[in-house]
Amino acid sequence: LPPQKFPKWMKSGFEKKYLLRDLLVSTLLKNETIPSNNQEKLINKMIYWGKIFVITEMALRIGNRDIEPEILLRWNSSQFDWAEKNEKAIYEYFIKNSNRLFSINEKDHAFVFNNAPYTIGFSEKSPDRLGQYLGWKMVRNYIFEEELPLSAMVKLEYRDILKKYKP
C-alpha cells in the first residue's frame with residue numbers, strides 16, 4: 001500500500017530506527033527462543049513478551065550502550081513517558097481486574113497486545129500494547145533484582161516474576 005493509505009498512528013512505526021529491533025524480535029519469535037507453551041492466560045503472554053523484549057534489549061546493547069526504551073517498545077518518547085508515569089495504575093488495573101489478568105479470552109488479549117492507536121481499556125492518550133510494556137517491566141525488574149542470567153530467565157514461570165514485581 002502507498003504510505004498515505006496507512007493511519008498516522010501506524011505510519012509512525014515505519015522508521016529506520018526500528019529495523020534492527022524488528023529483525024531481532026521477529027527472529028526470536030520465529031525461532032521460538034522463548035517456549036510458547038502455556039500462553040493461554042493473559043499474564044503468561046505478558047511475561048512471554050517481557051522475555052522477548054529483555055533478550056532484545058540485551059542483544060542490542062551495542063558498545064555496552066543502553067538501547068532507548070522507546071525503540072525497544074516502538075513508541076515515541078511521549079508514549080513511553082505516559083506509560084512510565086502510569087505504570088503503577090496500569091498494574092493496579094490488572095490486579096483489581098484479576099479476571100482479566102488470567103483471562104483466556106482472545107479479545108482481552110488483543111486489547112493489550114495488538115498494534116492500535118491506544119490500548120483499549122485505558123485513556124486514549126495511552127500507547128498501544130501496554131500488556132507488552134508491563135511484561136517487559138516485570139521481567140526486567142526480576143532479572144536485575146535477582147542478577148539472573150538470560151538463560152535462566154527463559155525458564156521462569158509467571159508466578160515467580162509476578163511475586164517480586166513492585167511498580
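Modeller: Let's start with one rule: a residue counts as buried when its relative accessible area is under 20%, and as exposed when that area is over 50%, with partly exposed in between. Keep in mind that this is a predicted model.

Colleague: Okay, let me try the rule. Is Tyr91 buried or exposed?

Modeller: Tyr91 has 14% relative accessibility, so it counts as buried. Tyr165 comes out at 3%, so that residue counts as buried too.

Colleague: Those are both tyrosines with rings. How many aromatic pairs does the structure hold?

Modeller: There are ten aromatic pairs in the structure. Tyr91 and Tyr165 form an edge-to-face pair, because their ring centres are 4.9 Å apart and their planes stand at 75°. For that label, the planes have to be over 60 degrees apart. The pair also links distant parts of the chain: Tyr91 is in helix α6 (residues 87–96), while Tyr165 is in the segment after α11 (158–164), 74 residues apart.

Colleague: Which residues do ring pairs link into a cluster?

Modeller: Tyr48, Trp49 and Phe53 are joined into a cluster by ring pairs. Look out for those three names when we get to the helices.

Colleague: Helices, then. How are two packed helices described?

Modeller: You give the angle between their axes and the distance between the axes. Now try it on a case here: helix α2 (residues 19–30) packs with helix α3 (residues 42–59) at an angle of about 130°, and their axes are 10 Å apart. That angle makes α2 oblique to α3. By class, the contact of α2 with α3 has ten nonpolar, one polar and one charged residues.

Colleague: Which residues in α2 meet α3?

Modeller: On the α2 side you'll find Arg21, Leu24, Val25, Leu28 and Leu29. On the α3 side, look for Tyr48, Trp49, Ile52, Phe53, Ile55, Thr56 and Ala59. Tyr48, Trp49 and Phe53 are the ring cluster again. As for handedness, α2 passes α3 in a right-handed crossing.

Colleague: What about α3 and α8: at roughly what angle do they cross?

Modeller: The α3 and α8 axes cross at roughly 30° and come within 10 Å. Angles under 35 degrees count as roughly parallel, and α3 and α8 are therefore roughly parallel to each other. By class, their contact has five nonpolar, one polar and three charged residues.

Colleague: And which residues of α3 meet α8?

Modeller: Leu42, Lys45, Met46 and Trp49 in α3 meet Glu106, Asp108, His109, Val112 and Phe113 in α8.

Colleague: One more pair, please. Where do I look for α5 and α9, and at roughly what angle do they cross?

Modeller: Find helix α5 at residues 77–85 and helix α9 at residues 130–146; their axes come within 11 Å and cross at roughly 60°. The crossing of α5 and α9 is right-handed. In the contact, Phe80, Trp82, Ala83 and Glu84 in α5 meet Leu130, Tyr133, Trp136 and Lys137 in α9. Sorted by class, the residues of this contact are six nonpolar, no polar and two charged.

Colleague: Now the loops. Which loop holds Glu32?

Modeller: Glu32 sits in the loop between α2 and α3. Its phi is positive, about 50°, although Glu32 is not a glycine. At 52% relative accessibility, Glu32 counts as exposed.

Colleague: What value does phi of Arg74 have?

Modeller: Phi of Arg74 is near 60°, again a positive value in a residue other than glycine. Arg74 belongs to the loop between α4 (69–73) and α5, and with 24% relative accessibility it counts as partly exposed.

Colleague: Where does Ile120 lie?

Modeller: Ile120 lies in the loop between α8 (106–113) and α9, and at 40% relative accessibility it counts as partly exposed. From C-alpha to C-alpha, Ile120 is 8.9 Å from Ala110, and the two are ten residues apart in sequence.

Colleague: And Lys125: buried or exposed?

Modeller: Lys125 counts as exposed, at 68% relative accessibility. You'll find Lys125 in the loop between α8 and α9. Its C-alpha atom is separated by 24 Å from that of Lys45, which is 80 residues away along the chain.

Note on methods
Residues are numbered from 1 along each chain as its sequence is written. This is a predicted model: local features need pLDDT of at least 70, side-chain atom pairs count only at pLDDT 80 or more; totals for chains, interfaces and linings use all residues. Side-chain values use heavy atoms; hydrogens and water are left out. Axes are lines fitted to C-alpha atoms, for helices over the stretch in contact, and angles run from 0 to 180 degrees between N-to-C directions. Helices (H or I, at least four residues) and strands (E, at least two) are DSSP runs, numbered from the N terminus. Angles under 35 degrees count as roughly parallel, over 145 as roughly antiparallel, 65 to 115 as roughly perpendicular and the rest as oblique. A crossing is left-handed if the near helix is turned anticlockwise from the far one by less than a right angle, and right-handed if clockwise. Contact means heavy atoms within 4.5 Å. Ala, Val, Leu, Ile, Met, Phe, Trp, Tyr, Cys and Pro count as nonpolar, Asp, Glu, Lys and Arg as charged, and the others, Gly among them, as polar. Rings of Phe, Tyr and Trp (its six-membered ring) pair if their centres lie within 6.5 Å; planes under 30 degrees apart count as stacked, over 60 as edge-to-face and the rest as tilted. Buried means under 20% relative accessible area, exposed over 50%, partly exposed in between (1.4 Å probe, protein chains only).
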